[in-house]
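This briefing sets out selected local features of one protein model.

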Amino acid sequence: MRGATGGVNLLALRSHNTALVLDLLRTAGPEGISRLELAERTGLTPQAVSKITARLREDGLAAEAGRRASTGGKPRTVLRLVPEAGHAVGVHLDRDELRAVLADLDGTVVARRRVPLDLGAGAEAVLARVAAVVEALRAGDGTSPRARPLLGVGVALPGPLDHERGVLHRVTGFPEWDGFPLRDALAERLGTVPVVVDKDTNAVALGLAVGGEGGSFAYLHLGTGLGAGLVIGGSVHRGPRTGAGEFGHQVVQLDGPPCGCGDRGCVEALCLAAVARGEAAEAARVLGTGAANLVGLLDIDRVLLGGRTVEAAPEPFVHGVRAVLDARARRTGDAPVPVRLASGDGRGVAEGAAHLVLAPVFGRGDG
């Protein structure tokens, strides 16, 4: 399963049965799991499990974690995942900066980079900056005799875009990116490394879901723009054209102020204008109005807030959005929908972008 660059072959790992085994090895943690347990939990035959685990051990992805007493016969050998056997780079392209992480197979971040970026500087400049950061993360601190094995690079940035083809559409404020094939252009720049492209909000939503955030929820991201990542029934909802989650461009004030999208009175325009005036409470009220529309439309379990603007002053945003949703619940007679900060400490987009690569390896089809 070794690729041309000495890393692990991502396509080989994506076989369904291998993904099932890898996911159980991952969730078992350092204590490991026996082949018999793997067979019982996957429904595969012991022979199939033995073949899969033999390949995983040969590629360095699995290793023995000791022996466990059995109910009869000799003790069972247990296996564990080797997290450092593969890595993914997650890249967050914001309008004014680039954040990137290197994550191992467990999703644990082992290195970070943050550099300034001008998304309007043109494709060549942006691609060069991304490629330089990816190579720096891959090379590590220079003490390793060779580069870390890389499964792929996940790139997350403001939408709209086509997740399936990795093609950008008219990013708000940057119309020059419309139609640009970011995935293929970056993959060509990086050589044999696979690339996945998605919206920043979807990346965070995926990271939250993989990290254990269950049920159906909306992640609202307020930074240089405003968008939503939607998880319905445990899976990221993108829509057939990756159009779901364009939350910031719902019109809430007819004939309101112009928005960068070309419409007027959008939640994003009103919210960012309030932020620019230093009126966090008003920005939160506008954000809550949009969130209430979303709750009424999708009947979601909870609303999670994130993005650098929210993280800079979390209390007024959590309080303000919650107040609007609580008022809606009193009118409708429904139970209030919980509102809280999303986990991630401001680095959720880059980490989520890494999961765009890692999730399919473990059988998560919404990666």
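Helix H9 covers residues 280–298, 19 residues in all, and extends 26 Å from its first C-alpha to its last. That is close to the 27 Å expected at 1.5 Å a residue, where the expected span is 1.5 Å times one less than the number of residues. Helices (H or I, at least four residues) and strands (E, at least two) are DSSP runs, numbered from the N terminus. The model is predicted: local features need pLDDT of at least 70 and side-chain atom pairs count only at pLDDT 80 or more, while totals for chains, interfaces and linings use all residues. Residues are numbered from 1 along each chain as its sequence is written, and side-chain values use heavy atoms, with hydrogens and water left out.

- The buried residues of H9 are Ala283, Ala284, Val286, Leu287, Gly288, Gly290, Ala291, Ala292, Leu294 and Val295; buried means under 20% relative accessible area, exposed over 50%, and partly exposed in between (1.4 Å probe, protein chains only).
- The cover over these buried residues includes strands S11 (217–222), S12 (226–232) and S14 (302–306), together with helices H8 (267–276) and H11 (314–332).
- Just after H9, Asp299 adopts a positive phi of about 55°.

**Surface patch**
- Ile232, Leu297 and Leu298 make up a nonpolar surface patch with about 280 Å² of accessible area together.
- Accessible areas come from the Shrake-Rupley method with a 1.4 Å probe, and for residues only the protein chains shown count as cover.
- Ile232 lies in strand S12 and is partly exposed, at 37% relative accessibility.

**Cysteines**
- The structure contains zero disulfides, a disulfide being a pair of cysteine sulfur atoms within 2.5 Å.
- Cys261 is in no disulfide, and the nearest cysteine sulfur, that of Cys266, is 3.7 Å away.
- Cys261 is partly exposed because its relative accessibility is 36%.
- Cys271 is in no disulfide either, and the nearest cysteine sulfur, that of Cys259, is 11 Å away.
- Cys271 counts as buried, at 0% relative accessibility.

**Gly120**
- Gly120 sits in the loop between strand S6 (109–116) and helix H5 (123–139), and is partly exposed with a relative accessible area of 35%.
- Gly120 and Gly173 are 53 residues apart in sequence and 8.7 Å apart in space, C-alpha to C-alpha.
- Beyond its neighbours within four places in sequence, Gly120 is in contact (heavy atoms within 4.5 Å) with Phe174 and Glu176.

Note on methods
Patches are made of residues with over 30% relative accessible area and no salt bridge: like charges are joined within 9 Å, nonpolar side chains (Val, Leu, Ile, Met, Phe, Trp, Tyr) within 5 Å. A salt bridge is a side-chain nitrogen of Lys or Arg within 4 Å of a carboxyl oxygen of Asp or Glu.
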